[in-house]
Amino acid sequence: KYLIGKAILEKNKPKIRVVVNKIGNIENEFRTFPMEILAGEGLDLDLVEEMCAAQEVSDPNKLQIKVGPEHQSLMQVELKEHGCRFKLDFAKVYWNSRLSGEHEYLVKQIVSSAHEELLVTKERHCIVADVMGGVGPFAVPLTSANASHYHTTPILCHANDLNPISYHYLQANAKLNRCFSDRLVKYNLDGRAFIHKM
């Protein structure tokens, strides 16, 4: 697994500094999970070799260098999706890059449906409620002033997340992508309380 991590790192330098692997299931109400470092900064290869050489390690694949507080700066990432930039702490918020296609598909479906609905109803804007909005993979592209639909299909999105760190990054990503308060309203509530508020 460390060789695979090293290959991924070398193929993607300098875009990435560290390769991590999910080692468990979502473990709390904030939808985060434990991870291990496979390659890059934060991985002491001498320590890995020393531990593998030790007699008590019968299977090197069971050896894990868990992501901990000492790796906090490595988990601060910035990435692009749907033409938007997202900042997040990968260890403290839920993010799954494999959902990028689903994010893009749903954003396009919402914009298309909203455009058709607004033509018929003549309303000022379409309203979307995102109960578990995370750092904004739906809310930000729906409401960004940089989006191609911004002037033709106005969308008002109410985005919520229980995780205060996700909420912090939702606010930062809204600012980073020019999502103004008349289009994106942000909440840090339990999902049930958010739904009742709507």
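## Worked exercises: backbone, pocket and cores

At 42% relative accessibility, Arg178 counts as partly exposed (buried is under 20% relative accessible area, exposed is over 50%, and partly exposed is in between, using a 1.4 Å probe and protein chains only). You're working with a predicted model, where local features need pLDDT of at least 70 and side-chain atom pairs count only at pLDDT 80 or more, while totals for chains, interfaces and linings use all residues. Residues are numbered from 1 along each chain as its sequence is written, and side-chain values use heavy atoms, with hydrogens and water left out.

### Overall layout

**Task.** Work out how many helices and strands the chain has, and in what order they run.

**Solution.** Start by counting: there are six helices and seven strands (DSSP runs numbered from the N terminus, with helices being H or I of at least four residues and strands E of at least two). Then walk from the N terminus, and the order reads α-β-β-α-β-β-α-β-α-β-α-β-α. Next, check burial: 37% of the 198 residues count as buried. To finish, look at the contacts with a separation of 6 or more: residues 24 or more positions apart account for 65% of them (contact means heavy atoms within 4.5 Å).

**Solution.** Keep the background in mind: most residues other than glycine have a negative phi, and most peptide bonds are trans.

- Pro14 sits in the loop between helix 1 (2–12) and strand 1 (18–22).
- You'll find His82 in the loop between strand 3 (76–81) and strand 4 (84–89), partly exposed at 28% relative accessible area.

### The largest pocket

**Task.** Describe the volume and lining of the largest pocket, and say why it lies between two domains.

**Solution.** Begin with the volume, about 860 Å³. Of the 28 lining residues, Val18, Val20, Phe90, Trp95 and Ser97 are the closest to the centre. Points are joined across faces, edges and corners, and the volume is the space filled by probe spheres set on them.

Now sort the lining by element: strand 1 and strand 3 are the ones that give two or more residues, and strand 3 gives the most, with six. By type, the lining splits into 16 nonpolar, five polar and seven charged residues (nonpolar is Ala, Val, Leu, Ile, Met, Phe, Trp, Tyr, Cys and Pro; charged is Asp, Glu, Lys and Arg; the others, Gly among them, are polar). Lastly, domain 1 (1–67) and domain 2 (97–197) both give lining residues, so the pocket lies between them; those bounds come from an automatic or database domain assignment.

### The cores

**Task.** Identify the residues with the most contacts inside the largest nonpolar core, then trace what surrounds Leu184.

**Solution.** This core has 24 residues, and Phe86, Val135, Ile155 and Leu184 have the most contacts inside it (a nonpolar core is a set of buried Ala, Val, Leu, Ile, Met, Phe, Trp, Tyr and Cys residues joined through side-chain atoms within 4.5 Å). Apart from it lies another core of 12 residues, among them Val19, Phe33, Ile37 and Ala39.

Leaving aside neighbours within four places in sequence, the contacts of Leu184 include Thr143 and Ala174. Follow both:

- Thr143 belongs to helix 4 and is buried at 0% relative accessibility.
- Ala174 belongs to helix 5 and is buried at 1%. Ala174 and Ser144 are 30 residues apart in sequence but 7.5 Å apart, C-alpha to C-alpha.

Technical notes. On a 1 Å grid over the protein atoms alone, a cavity is a set of points where a 1.4 Å probe fits but cannot get out, and a pocket is an open set with protein on both sides within 12 Å along at least five of seven lines; lining residues have an atom within 4 Å of a point.
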